[in-house]
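Have the viewer open as you read.

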Amino acid sequence: MRTRIYHITKFQDNSSYIFFNGCNWDCDFCIMKRFKYDIHLEKEVQADNFKYIDVETLMDILLQNNIIEVFLGGGEPTIDPSLPLILERLKMKDIRVNLLTNGELLNSRIVSLVDRISFSIKSLDENTHFMITKRSNLRSIENLKKFFNEKFTFETVYTRELGCRNVIEIAEFLESFGKNLILRIDPLIPVGNLFTSPPEYDLNECINHINSRYSVKAYRIKGKGKNAVVLYP
Ligand code: SF4
């Protein structure tokens, strides 16, 4: 079966990032509008046409390269009709699965087949959410309430314009789901016209503020990330 996967990388710890093309949202600062391929690569991938691979080829690539864990992202993996089949194949081979998603198209089957879900919340304010993504957040939040379990972690993007208030609202909201939930906060990388990168100091202050007042564990990734090599194309 054909997938929407067009790019696969491998890290030194035998994990792999798998890129799905396309998304049901249209975020102003979506990194995919600027970097279609893994930004951790030393040499930029040059590929004029996307060649989507099928599920069998995906599994061959992963098994031949001794992959033990995958991160499904991109892009939004849940728009791919082949996702449930991919998840079943990964499970059969005991490959640990992390799904990065905006949550709008989550369902119980997908939730049951993955090991961890990194659930992205851009904003809880409907107008702000619409400004960022051109979509309502209602269905994603409904899905979060319906499917939330111990597999869920969270992520958001910190922008200069929305500041810490937007992230505090998310942290307060997450407190209603449980204690010590994990919230990754990424500083915006400039892409669109509406939002810009925050000052370093603001973001660090915000993380300290959240960790001192809420049980939510806020953190950010520092450095350039893990070295990656290309497995596909
Ligand atoms: S939800 Fe994620 S993948 Fe989709 S447009 Fe927004 S940033 Fe991009």
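## Ground rules

This is a predicted model, where local features need pLDDT of at least 70, side-chain atom pairs count only at pLDDT 80 or more, and totals for chains, interfaces and linings use all residues. Residues are numbered from 1 along each chain as its sequence is written.

## Strands around β3

Helices (H or I, at least four residues) and strands (E, at least two) are DSSP runs, numbered from the N terminus. Strand β3 spans residues 69–74, with V70, L72 and G74 on its covered face and E69, F71 and G73 on the uncovered one.

Two strands pair if DSSP finds at least two bridges between them. Strand β2 (residues 15–20) runs parallel to β3, joined by 6 bridges, and F20 sits opposite G74. Strand β4 (residues 96–101) is also parallel to β3, with 4 bridges; there, L72 has L99 as its bridge partner. Between β3 and β4 the chain passes through helix α2 (residues 83–92), a right-handed β-α-β crossover (strands pointing away from the viewer, the path from the first strand over the helix to the second runs clockwise).

## Helix α4

H129, I132 and T133 are buried in α4, residues 126–133 (buried: 20 or more other C-beta atoms within 10 Å of a residue's own, C-beta atoms being placed from the backbone). They share one side of α4, because their arc around the axis is only 75° (taken from the directions from the helix axis to the C-beta atoms). Just past α4, K134 has a positive phi of about 65°.

## Ligand shell

Around the ligand are C23, W25, D26, C27, C30, M32, G75, E76, N102 and T133 (C-beta atom, placed from the backbone, within 6 Å).

Definitions and conventions. Buried ≥ 20, exposed ≤ 12 C-beta atoms within 10 Å, placed from the backbone.
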